[in-house]
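Welcome! Take a look at the structure below, and then we will walk through it together.

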Amino acid sequence: MKCRRCGAEAVIELPQHRTAFCADCFLHHCRNQVRRSIDSYHMIDNTERPLVAVSGGKDSLAAWDLLLELGYQADGVYLGLGIGEYSDRSGEYARDFARQRDLTLIEIDLATDAGFTIPQAAAQRRTPCSACGLSKRHLLNKIALDHGYRVLVTGHNLDDEAAVLFGNVTRWDLRYLARQQPVLTEQDGFARRVKPLVRLSERDTAAYCVIRGIDYQVEECPLAAGNRHLGYKELLNQMEERTPGAKMDFYNGFQRRMRPLLDSIATKEKGELNPCDQCGSPTTGRLCAFCRLTEQTTKPGRPAESSPR
Ligand code: Q46
Ligand code: ZN
């Protein structure tokens with residue numbers, strides 16, 4: 001098998017693109033895909049210094065590396081989730097990556113900053129991944145704003161986005177579908193959140209890290225069992241096996257064809273935002289969702305106030 005770009009011996013086949021590449025041309029392809037996403041969705045200005053949310057896993061480290069390769073002065077932020085040895089090792093991968101390249105890595109810790117860990121939230125009958133996702137969104141946004149970054153980068157790849165999309169479609173959840181975008185625009189109290197890896201699959205980011213010599217956390221999070229997105233990923237992989245490119249068509253078709261329809265729903269559903277009584281983050285209720293989670297976890301037994309954000 002020959003590399004489609006230079007004719008050398010290929011090291012990776014990409015059936016979804018009906019092509020194959022040698023190592024150098026594969027890296028070039030990855031940079032190109034990320035460049036295309038950044039440009040077509042207006043993710044990052046050339047003058048901006050993005051902050052990358054790094055977990056120590058392959059996707060976020062590949063995202064950081066790719067942005068540096070594309071010439072962005074990207075910094076990183078690591079959030080310790082308190083998931084035992086898994087979190088300890090994940091933090092080491094993030095720190096090693098930053099240290100080896102002399103990069104700035106901001107570190108925050110859920111236990112220190114909010115007084116609880118994800119296993120503690122899970123013990124209060126919260127689904128670990130929903131408590132985790134909520135905590136990451138809140139604290140990473142806060143850190144970005146506190147440190148003056150306007151754009152927060154996450155390592156969500158095509159498989160992640162297609163799985164979330166699949167879940168939202170099976171429930172026809174229009175509110176979530178409307179919010180599923182590669183860019184969530186900057187607004188008062190929220191940094192711009194961007195996902196430049198939406199054109200790369202999980203297999204691509206793993207191959208990228210191997211070729212670039214990036215060490216990453218390969219262990220699965222011990223709290224991931226039961227995460228329904230893993231099941232959706234399996235289903236989509238079966239589809240992809242039968243029809244290469246199906247995952248990409250599913251996700252890109254949604255963004256191209258459904259986006260204009262959903263944008264009007266998103267605009268209508270935007271509730272009036274006011275500052276959270278506790279932390280000042282924009283919310284539609286008295287307390288933001290993160291402060292409610294903190295109350296439920298650190299002061300169990302109190303009735304929870306409910307509001308959508
Ligand atoms: S870290 Fe957190 Fe993931 Fe673990 S608890 Fe779930 S969301 S699985 S990316
Ligand atoms: Zn709050």
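Here is a short tour of a sheet, its helices and a cavity. This is a predicted model, where local features need pLDDT of at least 70 and side-chain atom pairs count only at pLDDT 80 or more, while totals for chains, interfaces and linings use all residues. Residues are numbered from 1 along each chain as its sequence is written.

**The sheet**
- Six strands form an open sheet in the order β5-β4-β3-β6-β8-β7, with mixed pairing; strands are DSSP runs of E with at least two residues, helices are runs of H or I with at least four, both numbered from the N terminus, and two strands pair if DSSP finds at least two bridges between them.
- β5 (105-109) and β7 (183-184) are at the edges with a single partner strand each, so one side of each has no neighbour in the sheet.
- Strand β4 (residues 75-80) runs parallel to β5, joined by 5 bridges, and G80 sits opposite D109 in β5.

**The helices**
- Helix α2 (residues 58-69) lies across β3 (51-53), β4, β5 and β6 (151-153), at about 160° to β3; angles run from 0 to 180 degrees between N-to-C directions, with axes fitted to C-alpha atoms, for helices over the stretch in contact.
- Helix α6 (residues 128-146) packs on the sheet too, touching β3, β4, β5, β6 and β8 (192-194), where contact means heavy atoms within 4.5 Å.

**The cavity**
- There is 1 cavity of 30 Å³ or more, a cavity being a set of points, on a 1 Å grid over the protein atoms alone, where a 1.4 Å probe fits but cannot get out.
- Its lining, meaning residues with an atom within 4 Å of a point, consists of Y93, D96, F97, Q100, G213, I214 and D215.

How values were computed: Chains are lettered from A and ligands numbered from 1 in the order in which they are written. Side-chain values use heavy atoms; hydrogens and water are left out. On a 1 Å grid over the protein atoms alone, a cavity is a set of points where a 1.4 Å probe fits but cannot get out, and a pocket is an open set with protein on both sides within 12 Å along at least five of seven lines; lining residues have an atom within 4 Å of a point. Grid points are joined across faces, edges and corners, and a volume is the space filled by probe spheres set on the points.
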